[in-house]
Amino acid sequence: MASPAAAAFSASQDFRAMFYLLTPNETSFEHEEEVPEYVSKATPCFLLLIILEQVLGWAKTGKLVIRVNDGITSLSAGVMSRLSKLFAKGLEISCYIYVWENYRLLELPWDSPWTWWLAFLGVDFGYYWLHRLSHEMNILWAAHQVHHSSEDYNLSTALRQSATQQLGSWIFYLPMALAVPPSVFAVHVQFNLLYQFWIHTELVTTLGPLEWVLNTPSHHRVHHGRNRYCIDKNYGGTLIIWDRLFDTFTPETDKIIYGLTHPINTFEIMSIQFFYYPYLWGRFWSSPGVTDKLSVVLKGPGWEPGKPRLGCLSDLPEITGKELPHNPSCALVLQAYVTLQFGLLLGVYDNVFAMKEMLSPTFLLLMTGYILLSLTTLGFIIEQRHEAAILETFRCLIFLVFYKTDCVKHFTPMLSVTTEVFITLSMLYWGLRSLRTLADGKKKQP
């Protein structure tokens, strides 16, 4: 068991990793297997900073900056985006290692600060082009639109990640594999992602001279805007210098309205993650000729025959500044219920990741199915769909079975009995709702 001093130092490292404030000496490893899972270890930091943003936002504005429906949806997307890592390394690192082992031209020293700083620039440069083309190529936008689907801008929005983006992101980092060791790359690809968490906030205005070099909350707010002046701007990850060099930078000026140019108005996670693919497929097949079909896939989301590669800004809906986010009414008790259930689900998710090396692939697949069912069901409850009652009854039953068979460990043992009672009462409540729904359905039949 780690000493209190060692635990405090580890916690300090986890927190500093969020801001790219670790040194080469602290984060240089000879082998990729030795690199900590900084992103997974950052979960407590994510939650603490989100709570802090809520408190400060309430103190500043008198209202909470994160809506339950939107916040839970963003966190659900974050959970879903990482489930594939229960079974294998991400495509980015796997493909990188393959190129390194088979095609590298030289081997830079893994323990050199020069290699560390070169990788810092290389990863950020690769991310800039990945991010830019994810807006400029429809096939990549199909994945990336998930991150832009929130109409709010807060720390929970940072976690609204795509489950499919890694299918196209790996190629942008491969040139580095010709010289930079995988262990160095594995550090920076995580730090680059972690840095982008804290810039998703409206509470930080500007950072003075740092705005010239770093990607900041102000710069990234522009990127998330659907105002015409915000479209296809400010792609940087950690640095903003690439946008300044390649003429994609613009400063924050008018009030920003966030989200997709054509909001999808749903909190159901499967729809948010995958709705764009059927839409893209439909456009592909309905387009005449090979050239137009390829253009639908490889040009921008706004492209149409006879228009520029990225479409025309004039075709986008005009922003008045009075737009309101999709926010259907939902009883406070229902919002509290979803929040509590999601908190329990996060405990299950965290436990599964902590134990994944000791769990069988079959059990991991079973738990992945349960987590996906839970995310879907909670989205249905938020939207108050009629299917929600039956799904939630079934989900609570599964949780109790897992709980009774010790497949699920409670992260706070003192509350284990309380949790069991809460889930049991939830199952009974939703079971009665299900019977009522079924009875009402029969009455409506002719």
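Which residues of the largest nonpolar core touch the most other members? In this predicted model, the core holds 96 residues, and Tyr38, Leu194, Phe197 and Tyr370 are the ones that touch the most other members. The element that gives the most to this core is H17, with 11 residues. In soluble globular proteins, nonpolar side chains tend to be buried together.

Another core lies apart from the largest one and consists of seven residues, including Trp141, Ala142, Leu260 and Val296. Val296 belongs to helix H15 (residues 289-298), where Asp292, Lys293, Ser295 and Val297 are buried as well.

Two packed helices are described by the angle between their axes and the distance between the axes. For helix H17 (residues 361-383) and helix H18 (residues 388-404), the angle is about 145° and the axes are 9 Å apart. The crossing of H17 and H18 is left-handed. On the side of H17, the contact is made by Leu366, Met367, Tyr370, Leu373, Ser374, Thr377, Phe380 and Ile381. H18 contributes Ala388, Leu391, Glu392, Phe394, Arg395, Ile398, Phe399 and Phe402. By type, the residues of this contact comprise 12 nonpolar, two polar and two charged.

When residues up to four places away in sequence are not counted, Tyr370 touches Leu345, Val348, Arg395, Ile398, Phe399 and Phe402.

Key. Residues are numbered from 1 along each chain as its sequence is written. This is a predicted model: local features need pLDDT of at least 70, side-chain atom pairs count only at pLDDT 80 or more; totals for chains, interfaces and linings use all residues. Side-chain values use heavy atoms; hydrogens and water are left out. Axes are lines fitted to C-alpha atoms, for helices over the stretch in contact, and angles run from 0 to 180 degrees between N-to-C directions. Helices (H or I, at least four residues) and strands (E, at least two) are DSSP runs, numbered from the N terminus. A crossing is left-handed if the near helix is turned anticlockwise from the far one by less than a right angle, and right-handed if clockwise. Contact means heavy atoms within 4.5 Å. Ala, Val, Leu, Ile, Met, Phe, Trp, Tyr, Cys and Pro count as nonpolar, Asp, Glu, Lys and Arg as charged, and the others, Gly among them, as polar. A nonpolar core is a set of buried Ala, Val, Leu, Ile, Met, Phe, Trp, Tyr and Cys residues joined through side-chain atoms within 4.5 Å. Buried means under 20% relative accessible area, exposed over 50%, partly exposed in between (1.4 Å probe, protein chains only).
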